[in-house]
Amino acid sequence: MRRAIFPGSFDPLTLGHHDIIMRGITLFDEIIIAIGKNADKKYMFSLEKRIQFIEEAFKDVPSISVKSYVGLTVDFCKKEDANFILRGLRNPGDFEFEKAIAHTNRKLSEIETVFLLTSSGKSYISSSIVRDVIRNGGDYTGLVPNSVRK
């Protein structure tokens, strides 16, 4: 079984995340979308709401599930018997940041990180941009899946 963890805060789930997950599921037998809990971070959406957004977005894909976790992603991977971490890359800045994390994770465990480039039409979308659009009353519907638009 090729099981991957796709970690993040998903505050909220965006079309960029959705793109990586749907393309990733063609590479893996199962993807666990792992919502990391960070006590120092202030979220726009509650954990329950973020889980709801994700479950609704992937309700027709039984090989995709969502769970939350606290602590190191590599420890969560061990707990879930996952051998891969899936990450999306939007730009060169993402690559440098994600490369450092991937090297650290590899040093801590045998986990492999698999990077997928976000589709060009979605590479500009980030959760922080979506939150800013929402806060300022803009039309965010073209940036998120239907489950977040409700």
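**Exercise 1. Which residues is Arg87 in contact with, leaving aside its neighbours within four places in sequence?**

Start with the ground rules. This is a predicted model: local features need pLDDT of at least 70, side-chain atom pairs count only at pLDDT 80 or more, and totals for chains, interfaces and linings use all residues. Residues are numbered from 1 along each chain as its sequence is written, and side-chain values use heavy atoms, with hydrogens and water left out.

Step 1. Arg87 sits in strand E4 (residues 84-89). Strands (E, at least two residues) and helices (H or I, at least four) are DSSP runs, numbered from the N terminus.

Step 2. List the contacts. Contact means heavy atoms within 4.5 Å. Arg87 is in contact with Phe6, Pro7, Gly8, Ile20, Glu98, Thr113, Val114, Phe115 and Leu116.

Step 3. Look for a polar contact. The term covers a pair of N or O atoms within 3.5 Å; within protein, one must be able to donate a hydrogen and the other to accept it, and residues adjacent in sequence count only if both atoms are side-chain atoms. The Arg87 side chain reaches the backbone oxygen of Pro7 at 2.4 Å.

**Exercise 2. Locate the residues that UniProt lists for "binding site", then examine Lys41.**

Step 1. Read the record. The unreviewed UniProt entry lists Ser9, Lys41, Thr73 and Arg87 under "binding site". UniProt positions are given in the numbering used here, feature names are shortened, and annotations may be inferred rather than shown by experiment.

Step 2. Compare with the largest pocket. Its lining takes in Ser9, Lys41, Thr73 and Arg87 from this set. On a 1 Å grid over the protein atoms alone, a pocket is an open set of points where a 1.4 Å probe fits, with protein on both sides within 12 Å along at least five of seven lines; lining residues have an atom within 4 Å of a point.

Step 3. The loop between strand E2 (30-36) and helix H2 (47-57) holds Lys41. Its side chain makes a polar contact of 3.3 Å with that of Ser9.

Step 4. Classify Lys41. Buried means under 20% relative accessible area, exposed over 50%, and partly exposed in between (1.4 Å probe, protein chains only). Lys41 is at 37% relative accessibility, so Lys41 counts as partly exposed.

**Exercise 3. Trace the strand pairing around E1 and E2.**

Step 1. Begin with E1 (residues 3-8). In this strand, 5 of its 6 residues are buried.

Step 2. Pair E1 with E2. The two run parallel over 6 bridges. Strands pair if DSSP finds at least two bridges between them. Ile5 has Ile32 as its bridge partner in E2.

Step 3. Follow the chain. From E1 the path goes through helix H1 (residues 15-24) to E2, a right-handed β-α-β crossover. Right-handed means that, with the strands pointing away from the viewer, the path from the first strand over the helix to the second runs clockwise.

Step 4. E1 and E4 run parallel, joined by 2 bridges. Here Ile5 has Ile85 as its bridge partner.

Step 5. E2 and E3 pair in the parallel sense over 6 bridges. Ile31 stands opposite Ile64 in E3. E2, H2 and E3 form a right-handed β-α-β unit.

**Exercise 4. Find the backbone exceptions in the loops.**

Step 1. Most residues other than glycine have a negative phi, and most peptide bonds are trans.

Step 2. Check the loop between E1 and H1. Phe10 lies there. Phe10 has a positive phi of about 50°. With a relative accessible area of 2%, Phe10 is buried. Pro12 is in the loop between E1 and H1 too. The peptide bond joining Asp11 and Pro12 is cis, with omega about 0°.

Step 3. Check the loop between H3 and E4. Asp81 lies there, and has a positive phi of about 55°. Its relative accessible area is 55%, so Asp81 is exposed.

**Exercise 5. Is Glu80 buried or exposed, and which residues does Glu80 touch?**

Step 1. Classify. Glu80 has 11% relative accessibility, so Glu80 counts as buried.

Step 2. List the contacts. Not counting residues up to four places away in sequence, Glu80 touches Arg3, Ile5, Ile32 and Lys67.
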